[in-house]
Amino acid sequence: MRRAIAASPERADPDRRTETLRTEFPFELPRGYVDESGTVHRDGVMRLATARDELVPLRDDRVRENSAYLSVVLISRVITRLGSIEDIHPGVVEDLFASDLAFLQDFYRRINAEGHTRAAVTCPSCQENFAVDLSGGGRLGES
């Protein structure tokens, strides 16, 4: 269910015919969203945010009254699926456990921050440098 967009050929590496832009990222919540029937939903998909996603919540009266509500509205705009739920709205995000909301806020920052989800790290034991993909949806520190 990932969408990809071909990059402009003149901007692409001469050795590559086309580049793709990954716009959707799977995740797994630490605890999970419990719906009205008691079903727990942990797996989901978050898409990259657009400028509109970050601007529209600023006009929301709930955000104007309480700036902390901004993350609830913003997260609800960029999650495209949570378990079998595809209609993600602020009410769903409000009912998440605090640890799951914190996870999603961090995940949002990681996938939207610099246009990539790879980070350079150094092994604390052997001091070897390598890159890790942060978009796997797992918790940090897990492989």
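This is a predicted model: local features need pLDDT of at least 70, side-chain atom pairs count only at pLDDT 80 or more; totals for chains, interfaces and linings use all residues.
**The chain overall**
- The protein has 143 residues, and 33% of them count as buried.
- Among contacts with a separation of 6 or more, 47% join residues 24 or more positions apart.

**Helix α5 on its own**
- Helix α5 covers residues 98–112.
- The buried residues of α5 are Asp100, Leu101, Phe103, Leu104, Phe107, Tyr108, Arg110 and Ile111.
- The cover over these buried residues includes the strands β3 (24–34), β4 (40–47) and β5 (79–82), and it also includes the helices α1 (51–55), α3 and α4 (90–94).

**Where α3 meets α5**
- The axes of α3 (residues 70–78) and α5 come within 11 Å and cross at roughly 65°.
- Angles of 65 to 115 degrees count as roughly perpendicular, and α3 and α5 are therefore described that way.
- The crossing of α3 past α5 is left-handed.
- On the α3 side, the contact involves Ser71, Leu74, Ile75 and Val78, which meet Leu104, Gln105 and Tyr108 of α5.
- The residues of this contact divide into 5 nonpolar and 2 polar, with no charged ones.
- Leu104 and Tyr108 of α5 take part in the contact with α3 and are also among the buried residues of α5.

Terms used:
Residues are numbered from 1 along each chain as its sequence is written. Side-chain values use heavy atoms; hydrogens and water are left out. Axes are lines fitted to C-alpha atoms, for helices over the stretch in contact, and angles run from 0 to 180 degrees between N-to-C directions. Helices (H or I, at least four residues) and strands (E, at least two) are DSSP runs, numbered from the N terminus. Angles under 35 degrees count as roughly parallel, over 145 as roughly antiparallel, 65 to 115 as roughly perpendicular and the rest as oblique. A crossing is left-handed if the near helix is turned anticlockwise from the far one by less than a right angle, and right-handed if clockwise. Contact means heavy atoms within 4.5 Å. Ala, Val, Leu, Ile, Met, Phe, Trp, Tyr, Cys and Pro count as nonpolar, Asp, Glu, Lys and Arg as charged, and the others, Gly among them, as polar. Buried means under 20% relative accessible area, exposed over 50%, partly exposed in between (1.4 Å probe, protein chains only).
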